[in-house]
Amino acid sequence: MNISKILSVLLIFIISYANAQSEIIGKWKTIDDNTGEAKSIVEIYKKDNKIYGKIDRILKESDRNKLCKECEGDDYNKPIEGMVILKGLQKDGDEYEDGTILDPENGKIYRCKIWVDEDDPNTLNVRGYIAFLFRTQKWIKV
């Protein structure tokens, strides 16, 4: 195999790896479990080699100034819009896990893992856990 073929394969590998990591970075529309309506835009970003997500915008005008009354600690009574709800996720294969997600409606924090849907790269699966029980939401790329 000549050097140009080796470099081409290496370049494809590097680009594929970078694309896989950047697939989740960006803005995602959350969908309300009960109504099926779009609820907010969450911006997912990388910080210190971990993944975080904050509520960039609440879509329903009447909910924009809501405070997290059920939250504890530093998040108590803070505006939900702008709040960091995904914290400390780390890459493990095609998924990001070992982090947490905050549900600002009830103030509860769950273990979390996220991954891009293999059938639709514009869909992010977001799963929160309590022991062996879990709930998965589908967020849509903005």
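This is a predicted model: local features need pLDDT of at least 70, side-chain atom pairs count only at pLDDT 80 or more; totals for chains, interfaces and linings use all residues.
Author: Residues are numbered from 1 along each chain as its sequence is written, and side-chain values use heavy atoms, with hydrogens and water left out.

Reader: What makes the contact of R135 and D33 a salt bridge?

Author: A salt bridge is a side-chain nitrogen of Lys or Arg within 4 Å of a carboxyl oxygen of Asp or Glu. The N to O distance between the side chains of R135 and D33 is 3.1 Å, so the pair meets that definition. R135 is in strand 8 (residues 133-141) and D33 in the loop between strand 1 and strand 2 (38-47), 102 residues apart. Strands (E, at least two residues) and helices (H or I, at least four) are DSSP runs, numbered from the N terminus.

Reader: How many salt bridges does a search of the whole structure find?

Author: The search finds ten. One of them joins E81 and R64 at 3.9 Å, N to O. Both residues are in the loop between strand 3 (50-58) and strand 4 (84-92), 17 residues apart.

Reader: Why is D117 called buried?

Author: Buried means under 20% relative accessible area, exposed over 50%, and partly exposed in between, with a 1.4 Å probe and protein chains only. D117 has a relative accessible area of 16%, so D117 is buried. Its salt-bridge partner is K138, at 3.2 Å, N to O. D117 lies in the loop between strand 6 (108-116) and strand 7 (123-130) and K138 in strand 8, so the pair ties together parts 21 residues apart in sequence.

Reader: Why does K138 count as partly exposed?

Author: The relative accessibility of K138 is 44%, so K138 counts as partly exposed.

Reader: What makes the surface patch of E23, D94, E118, D119 and D120 negative?

Author: Asp and Glu count as negative and Lys and Arg as positive, while His and the chain ends are not counted. E23, D94, E118, D119 and D120 form the negative patch. Patches are made of residues with over 30% relative accessible area and no salt bridge, with like charges joined within 9 Å and nonpolar side chains (Val, Leu, Ile, Met, Phe, Trp, Tyr) within 5 Å. E23 has a relative accessible area of 37%, so E23 is partly exposed. E23 is found in the loop between helix 1 (3-22) and strand 1 (26-31).

Key:
Accessible areas come from the Shrake-Rupley method with a 1.4 Å probe; for residues, only the protein chains shown count as cover. The place of a charge is taken as NZ of Lys, CZ of Arg, CG of Asp or CD of Glu.
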